[in-house]
Number of protein chains: 2
Amino acid sequence: MERRNEISIGTLANRTGLAVSAIRYYETQGLVAPERNAGGQRRFLRSDIRRLSFVMIAQKFGFTLDRIREVMSRLPQSRTPTAKDWTEISQDFRAELDEQIQALTRLRDKLDGCIGCGCLSLDRCALYNPDDVAADKGAGPRYLMGDEAVRPED
Amino acid sequence: MERRNEISIGTLANRTGLAVSAIRYYETQGLVAPERNAGGQRRFLRSDIRRLSFVMIAQKFGFTLDRIREVMSRLPQSRTPTAKDWTEISQDFRAELDEQIQALTRLRDKLDGCIGCGCLSLDRCALYNPDDVAADKGAGPRYLMGDEAVRPED
DNA sequence: GCTTGAGCTAAAGTTAGCTTTAGGAATTAT
DNA sequence: ATAATTCCTAAAGCTAACTTTAGCTCAAGC
């Protein structure tokens, strides 16, 4: 039975458009924390619809689930988050999003310079500098170029 | 022996900062196509330094290896690419990059509206519309919200 | 001419973000 | 009361972009 203010995973899936499997996965990642009923089935709160909507929006912005969990951890634990609570953490994202846009724009402007000069591979190229976009999750140094031996005809 | 204009995988790795294993992987993905010497070892051209530099730059912009291979396939096959060739395909990227920046900016502006109204989860929310950033590689519908049952206190 | 470093292949492992599968158990509908 | 849904867990699979490992060969230096 779905009691007032309690919903099943299927209902939550329908409301959010997420797959049931995705919601279960989000639980393992600490993004929602449903209770269980007598039969062991998950019982979510209606406010979890908003919670997962927030997750989906943040993902559209390119944030990782880890980062999203971090930001959401700033929501009050003791009570159901209000509209104001959501607004506040949204502003955090807004700031990061701005940075990301700016980083991408800077990179684009550098590329413009390189298109002009046609080098694209010499170590004096502006793209050489790693003052870049986002965090590269991969391992290793990954620096660009350093190709002093390339001659014009290469 | 490294003959004039032929370099080993190790040399290429040093010049680009890439790991040897990454270069081998790029070969499987059709991003470079080295020849082999008598002993079966890869022999790259010096111009491959520029090729891989281009790959690295494009990756910074967030392009997938598949997309990069596609764009690079427009380079001349019959001769070593000139600076002008590189400039031309760079402009393709430049255009896509612009679109991406604009999409992100639009999304940010929508978020601004939502921060203002504090809804963040109602189906009249601007973030509901999927005129979005990039292609979502994942499967499934993935629409946002549609949460008519959420009441103010949720 | 032999030791050591560089290279080779094939296969398995890694992270993120999920989905799919298999085999049961709980709910809901009739 | 029984059939049809829905849900459960655990484990394996998937894509991207690589790395790691194992076991072996090649090439370069002394």
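Trainee: In which order do the 3 strands of the open sheet in chain A lie?

Mentor: This is a predicted model, and in chain A 3 strands form an open sheet whose pairing is antiparallel. The edge strands are β1 (6-7) and β2 (35-36) of chain A, each of which pairs on one side only. The order of the strands in chain A is therefore β1-β3-β2.

Trainee: Which residue of β3(A) stands opposite Ile7(A)?

Mentor: In chain A, β1(A) is joined by 2 bridges to strand β3 (residues 42-45), and the two run antiparallel. Within β3(A), the residue that stands opposite Ile7(A) is Phe44(A).

Trainee: And which residue of β3(A) stands opposite Arg36(A)?

Mentor: On the side of β2(A), 2 bridges join this strand to β3(A), again with the strands running antiparallel. The residue of β3(A) that stands opposite Arg36(A) is Arg42(A).

Trainee: Which residue in the turn between β2(A) and β3(A) has a positive phi?

Mentor: The strands β2(A) and β3(A) form a hairpin, with 5 residues between them. In that turn a positive phi of about 90° belongs to Gly40(A).

Trainee: At roughly what angle do the axes of α1(A) and α2(A) cross?

Mentor: Two packed helices are described by the angle between their axes and the distance between the axes. For helix α1 (residues 9-16) and helix α2 (residues 20-28) of chain A, the axes come within 9 Å. The crossing makes α1(A) roughly perpendicular to α2(A), a class that covers angles of 65 to 115 degrees, and the angle is roughly 105°.

Trainee: How many of the residues in the contact of α1(A) with α2(A) are nonpolar, and how many are polar or charged?

Mentor: From α1(A) the contact is made by Ile9(A), Gly10(A), Leu12(A), Ala13(A) and Thr16(A), and from α2(A) by Val20(A), Ile23(A) and Arg24(A). Gly counts as polar by the rule used here. The residues of this contact divide into 5 nonpolar, 2 polar and 1 charged.

Trainee: How far apart in space are Gly10(A) and Ile23(A), C-alpha to C-alpha?

Mentor: Gly10(A) is found in helix α1 of chain A, and with a relative accessible area of 29% this residue is partly exposed. In sequence Gly10(A) and Ile23(A) are 13 residues apart, while in space their C-alpha atoms are separated by 9.5 Å.

Trainee: Is Glu35(B) buried or exposed?

Mentor: The place of Glu35(B) is in strand β2 (residues 35-36) of chain B, which pairs in the antiparallel sense with strand β3 (residues 42-45) over 2 bridges. The relative accessible area of Glu35(B) is 61%, and since the cut-off for the exposed class is over 50%, Glu35(B) is exposed.

Trainee: Which residue of β3(B) stands opposite Glu35(B)?

Mentor: Leaving aside residues up to four places away in sequence, Glu35(B) touches Gln41(B), Arg42(B) and Arg43(B). In β3(B), the residue that stands opposite Glu35(B) is Arg43(B).

Trainee: Are the rings of Phe54(B) and Trp86(B) stacked, edge-to-face or tilted?

Mentor: The count comes to 8 aromatic pairs over all chains. For Phe54(B) and Trp86(B) the ring centres are 5.1 Å apart and the planes stand at 40°, so the pair is tilted.

Trainee: How many residues apart in sequence are the parts that the pair of Phe54(B) and Trp86(B) ties together?

Mentor: Both Phe54(B) and Trp86(B) are buried. Because Phe54(B) lies in helix α3 (residues 47-60) and Trp86(B) in helix α5 (residues 83-117) of chain B, the pair ties together parts whose separation in sequence is 32 residues.

Notes: Residues numbered from 1 in each chain as written. Chains lettered and ligands numbered in written order. Predicted model: local features only at pLDDT ≥ 70, side-chain atom pairs only at ≥ 80, totals over all residues. Heavy atoms only, no water. Axes fitted to C-alpha atoms, helices over the stretch in contact; angles between N-to-C directions. Helix = DSSP H or I, 4+ residues; strand = E, 2+ residues; numbered from the N terminus. Parallel < 35°, antiparallel > 145°, perpendicular 65-115°, else oblique. Contact = heavy atoms within 4.5 Å. Buried < 20%, exposed > 50% of the residue type's maximum accessible area, 1.4 Å probe, protein only. Phe/Tyr/Trp six-rings, centres within 6.5 Å; stacked < 30°, edge-to-face > 60°.
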